[in-house]
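Hi,

Here is the structure I promised to pass on. Have a look at it first, and then read my notes below.

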Amino acid sequence: MVQQLIAEGARELIVPGVMPTGCFPVYLNMLDEPADGYGPQSGCVRRYNTFSWVHNAHLKRMLEKLRPKHPNVRIIYGDYYTPVIQFMLQPEKFGKFLSSLIVS
């Protein structure tokens with residue numbers, strides 16, 4: 001898809017990674033994981049977050065290989081994983097209202 005956009009003339013691209021899917025409320029409510037299946041600090045489903053992290057690592061490597069092939073194109077990796085995990089680990093840093101959404 002990225003190469004198709006470049007072929008169509010794109011010169012600046014932001015390629016987003018995925019968020020930590022193990023933190024999605026739908027999975028937290030739907031799954032019945034054993035206690036050790038959840039992150040001790042985040043409360044998120046570990047195996048889903050691992051899958052998201054591995055996906056993002058592969059995506060970043062692919063972008064690193066792609067950039068030299070297209071030196072006139074600005075290809076940026078959009079990191080959604082890190083801010084969501086930071087929010088899950090320390091919601092109080094993001095304000096009282098947002099913190100109450102997680103802690104409640």
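Is N49 buried or exposed, going by its relative accessible area? Before the answer, some housekeeping: this is a predicted model, in which local features need pLDDT of at least 70 and side-chain atom pairs count only at pLDDT 80 or more, while totals for chains, interfaces and linings use all residues. Residues are numbered from 1 along each chain as its sequence is written, and side-chain values use heavy atoms, with hydrogens and water left out.

Now the answer: N49 is buried, at a relative accessible area of 7%. Here buried means under 20% relative accessible area, exposed means over 50%, and partly exposed is in between (1.4 Å probe, protein chains only). N49 lies in helix 3. Setting aside neighbours within four places in sequence, N49 is in contact with P20, T21, G22, C23, C44, Y81 and I85; contact means heavy atoms within 4.5 Å.

Next, the whole protein. There are five helices and two strands, and along the sequence they follow the pattern α-β-α-α-β-α-α. The radius of gyration is 17 Å, well over the 13 Å that the globule rule gives for 104 residues, so the protein is more spread out than a compact globule. (That radius is taken over C-alpha atoms, and the rule is 2.2 Å times the number of residues to the power 0.38.) Helices (H or I, at least four residues) and strands (E, at least two) are DSSP runs, numbered from the N terminus.

Along the principal axes, the C-alpha atoms fill a box of roughly 50 × 30 × 20 Å. Of the 104 residues, 32% count as buried. Looking at contacts with a separation of 6 or more, 56% are between residues 24 or more positions apart. The accessible surface comes to about 7,400 Å², and 59% of that belongs to carbon and sulfur atoms; the areas come from the Shrake-Rupley method with a 1.4 Å probe, and for residues only the protein chains shown count as cover.

F51 and P20 are 31 residues apart in sequence, and their C-alpha atoms are 8.4 Å apart in space.

Which residues does Y77 touch, not counting those up to four places away in sequence? They are V15, G17, N56, L59, K60, L63 and R67. Y77 is found in strand 2 and counts as buried at 18% relative accessibility. By contrast, 24 Å separates the C-alpha atoms of Y77 and P91, which are 14 residues apart along the chain.

One last stop is Q90, in the loop between helix 4 and helix 5 (96-103). Q90 counts as partly exposed, at 33% relative accessibility. Q90 and S42 are 48 residues apart along the chain, with 8.8 Å between their C-alpha atoms.

Cheers
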